[in-house]
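These are my notebook entries on one protein chain. I record what I looked up, entry by entry.

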Amino acid sequence: MTTKDPTTYADLSQGRIRHIDFHIKVDFAERVLDIEATYHLDEPLNGSFFLDTYKIELKEAEADGHALAWELDEEDEVLGQRLHLKDLNGTDTFTLTFRTSPEARALQWIAAEQTAGGKHPFLFSQCQSIHARSVFPCQDTPSVRFTYSADVEAPEGLRAVMAAEQVQGPEGSGMFFFQMPQPIPSYLFAIGVANLAFREFGPRTGIYAEPETIEAAAWEFAENETKMHEAEKLLGPYMWGRYDLLVLPPSFPYGGMENPRLTFLTPTSILGTRGQVSLITHELAHAWTGNLITNAMWRDFWLNEGWTTYAESRITEVLEGKDSHDLHDAYNERNLTKLMKERLGMDSPQTCLKLPAEEKDADAFTTIVAYYKGCFFLMECEHAVGRVRFDAFIQKYMKRFQFQSITTETFLDFLKSELPEVFEKVNVHQWVYEPGLPERKNRPHSRLFDEVEKVLKEYGQGNRPTKTLVAGWHRYQVMSFLNALPRNIPVEDCRYFEEILDLEKANDGAFFSPFYVICIRSGYQEAMPRIEKFMGTVGRMLYVLPIMRTMIDTDWSRELARPLFERVRDRHHQITIKAMDGLLKKAGL
Ligand SMILES: [Zn+2]
């Protein structure tokens, strides 16, 4: 690879990490990990080696029994500090001893009171996109893949899990042993330590959660073994051994994180209705598109998310039927267009699939464009050659690039060699390299979405829908409706919709988030205590950031935004805090 990755200090001409052996001690009192890590490089190295770090306290560096000279450069707010190991003398192995910071961006230490059980603390990591460097010094770019082993010493009574294979070790020592035999990029390193119970779904699938939530969680996702079979039909053999889930505390900033073998999951997905199983479909599909074939740089992010959203839509079509699939599609297109028009601008380079080269903050420049525009592009490619040929191509692609990190251009070259007609029928350059959303030739038509449109139109003419009319709505119909309501509606209508849609009972963040946005815009001030409660209990950024943005943009709530943030701040993950604080600062608050 010739292009420099702006999100890392690593210099790949020096060599690459091939394997790491970790010894990890978990310290809940200090909120730190004490780690000794032995690094194995792909070949012996003379001279310097650069690693990414973020607030790591390095204690010792050693190679071949000798102390290594090292230097930590000045800290950059986004990239952290470059660790410069000096004078490696023809060795391919070195050992670092270090301690993470309580401010490590990838680690969240949850106090016992904030867990479901209330008695034991909970630690979990979130390394994507560039936060693995706050857990261990690494070449923190998705283009470097390594295997690892780890032993983890956890406090008594708690269980350690990792996105790796758990292996037997000496009994009763409070130690847990893991190995990751498949090479992964640093952002897929993951660890969790908590009071955890386990339930098995099938030979390859199961779920970890606190004992208090395990039953509900196990019921919600009981169909995962079936899902595995459908995913394999589309994408080829599952290469990672087991596929388990880990249910996290509510502050987890995302819906799910596709850590290999062990998807980390928001508890907001446990609805008691199996209504959010498409989230698991998405995370499972990442086992192929993202984890097996990884974007070489974050500007190629659409290779991970566009492909995964496409696979998700195909599996949803099989498992939930065409109506549900088409509704998801229409909902996604509406949201994508709204984001492009209202926030990014149709001409913004951020609406290209291949993102601009210079951005170093990978979290800040990746949006849903990668997901939906990427998916729609692949649907167009499928349409150009027909499903049978495209499906054969998918399996070939998975096999050809497995366990590799590739760029958009590598993918396009492969597409051109395998399915040249795609380039005759689809304007590939426009889809990938130009801003905005090209016309979709293969756009499904959604009957269920049309129903919602009709209700919205009638509401615009002064006729409110009846409770009977909306009673049997699909979850995505409710979401589509709330997302498409006018900016301001009478306060009385806020109360009315809350009642007929039974929002309290549904207890679904995907409803509350757009509903609270409308409440704020409409001046429904009575809802503020509930909004604050929501902002203090839910960490999923997809739900809380739109509310924060709306509070900032609305006259009456603008001055309330910073104080509310300060009151709920401690309940949130570092990544969410950074995002909310960023919005407030940008608005001068
Ligand atoms: Zn994803």
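**Entry 1: Met180 and its surroundings**

I began with Met180 and found that Met180 touches Thr147, Tyr148, Ala164 and Glu165, not counting residues up to four places away in sequence. I note at once that this is a predicted model. I then looked up where Met180 lies, and its place is in strand S12, residues 175-185.

Is Met180 buried or exposed? I counted 22 other C-beta atoms within 10 Å of Met180, and because a residue with 20 or more is called buried, Met180 is buried. I also looked up Ala150: Met180 and Ala150 are 30 residues apart in sequence, yet 8.5 Å apart in space, C-alpha to C-alpha.

**Entry 2: Backbone angles**

Most residues other than glycine have a negative phi, and most peptide bonds are trans.

I looked up Lys55, which is not a glycine but has a positive phi of about 50°. Lys55 is found in the loop between strand S2 (32-53) and strand S3 (57-63). Lys55 counts as partly exposed because it has 16 C-beta neighbours inside 10 Å.

I next looked up Asp87, where phi is also positive, at about 55°, although Asp87 is not a glycine. Asp87 is found in strand S6, residues 81-99. With 13 C-beta neighbours inside 10 Å, Asp87 counts as partly exposed.

I then turned to a peptide bond. The bond from Gln128 to Ser129 is cis, with omega near 0°. Ser129 has its place in the loop between strand S8 (122-125) and strand S9 (145-153).

**Entry 3: An open sheet**

I traced an open sheet formed by 5 strands, in the order S14-S15-S16-S18-S17, with mixed pairing. Which strands stand at the edges? They are strand S14 (197-200) and strand S17 (256-257); each has a single partner strand, so one side of each is left without a neighbour in the sheet.

I recalled how such pairing works. Strands of a sheet pair through backbone hydrogen bonds, either parallel or antiparallel. In this sheet I examined strand S16 (residues 243-247) and strand S18 (residues 262-265), which run parallel and are joined by 4 bridges. Leu245 stands opposite Thr263 in S18.

**Entry 4: Two packed helices**

I looked up helix H4 (residues 301-320) and helix H7 (residues 369-385), which pack at an angle of about 65° with their axes 7 Å apart. The crossing of H4 and H7 is right-handed. On the H4 side the residues in the contact include Phe301, Trp302 and Tyr310, and on the H7 side they include Tyr371, Phe377 and Leu378. I noted that the residues of this contact divide into 11 nonpolar, 4 polar and 2 charged.

**Entry 5: Domains**

How is the chain divided into domains? The domain assignment gives domain 1 (1-193), domain 2 (196-287), domain 3 (293-433) and domain 4 (449-586).

I looked up domain 3 and domain 4 as a pair. Their centres, taken over C-alpha atoms, are separated by 29 Å, and 8 residues of domain 3 are in contact with 9 residues of domain 4. On the side of domain 3 that touches domain 4, helix H5 (residues 322-344) gives the largest share, 7 residues. That side of domain 3 divides into 3 nonpolar, 3 polar and 2 charged residues.

Terms used:
Residues numbered from 1 in each chain as written. Predicted model: local features only at pLDDT ≥ 70, side-chain atom pairs only at ≥ 80, totals over all residues. Axes fitted to C-alpha atoms, helices over the stretch in contact; angles between N-to-C directions. Left-handed = near helix turned anticlockwise from the far one by under 90°. Contact = placed C-beta atoms within 7 Å. Nonpolar A, V, L, I, M, F, W, Y, C, P; charged D, E, K, R; others polar. Domains from an automatic or database assignment. Buried ≥ 20, exposed ≤ 12 C-beta atoms within 10 Å, placed from the backbone. Pairing = 2+ DSSP bridges.
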